[in-house]
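What covers its buried side?

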Amino acid sequence: MTSIQGSDVRKVVVACDAGMGSSVLLTNQLKKQLKPYGVTVEHAQVDRVPGDADVVVCHAGLVDRARGNLPDKVVVGFQMFMGDPAFARLEQAIKEGETLAE
């Protein structure tokens, strides 16, 4: 199981399949949410996530693909683009320095 301490997270990448719609809105939301903790949030296509990402956030339908591309990174899947509990879990782990695991 891949994991990371929340205190070690410096870069989160929101990965999408092809579009630039909802995932860009999510990227902007997470930028605001995680800025107080010094975390950078970027957007990338799921097959082009930069290697320096600490955590990858993507829709549940892309999780297997993201994990296949980045087996050593924590991949956080979500169902809803707004208000999904996965986002609160991510922020909590970063804020409290807790372990974030898949």
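Entry 1. I kept in mind that this is a predicted model. I looked up what covers the buried residues of H1, and the list includes E2, E3, E4, E5 and H3.

Entry 2. Next I asked which residues of H1 are buried. I found Ser23, Leu26, Thr27, Leu30, Gln33 and Leu34, with buried meaning under 20% relative accessible area. These residues cover an arc of only 130 degrees around the axis, which puts them on the same side of H1. I reminded myself that an α-helix has 3.6 residues a turn, so residues three or four places apart point the same way. On the face turned away from the buried side of H1, I noted the exposed residues Leu25 and Lys32.

Entry 3. I then checked the span of H1, whose 13 residues reach 18 Å from the first C-alpha to the last, close to the 18 Å expected at 1.5 Å a residue.

Entry 4. I turned to the sheet, which is open and made of 4 strands in the order E3-E2-E4-E5, with parallel pairing. Strand E3 (40-45) and strand E5 (74-78) stand at the edges with a single partner strand each, so one side of each is left without a neighbour in the sheet. From one strand to the next, the twist averages 25 degrees.

Entry 5. Looking at one pair, I saw that E2 (residues 11-16) and E4 (residues 55-59) are joined in the parallel sense over 4 bridges, and that Val13 stands opposite Val56 in E4.

Note on methods. Residues are numbered from 1 along each chain as its sequence is written. This is a predicted model: local features need pLDDT of at least 70, side-chain atom pairs count only at pLDDT 80 or more; totals for chains, interfaces and linings use all residues. Side-chain values use heavy atoms; hydrogens and water are left out. Two strands pair if DSSP finds at least two bridges between them. Helices (H or I, at least four residues) and strands (E, at least two) are DSSP runs, numbered from the N terminus. Axes are lines fitted to C-alpha atoms, for helices over the stretch in contact, and angles run from 0 to 180 degrees between N-to-C directions. The expected span of a helix is 1.5 Å times one less than its number of residues. Buried means under 20% relative accessible area, exposed over 50%, partly exposed in between (1.4 Å probe, protein chains only). The arc is that of the directions from the helix axis to the C-beta atoms. Contact means heavy atoms within 4.5 Å.
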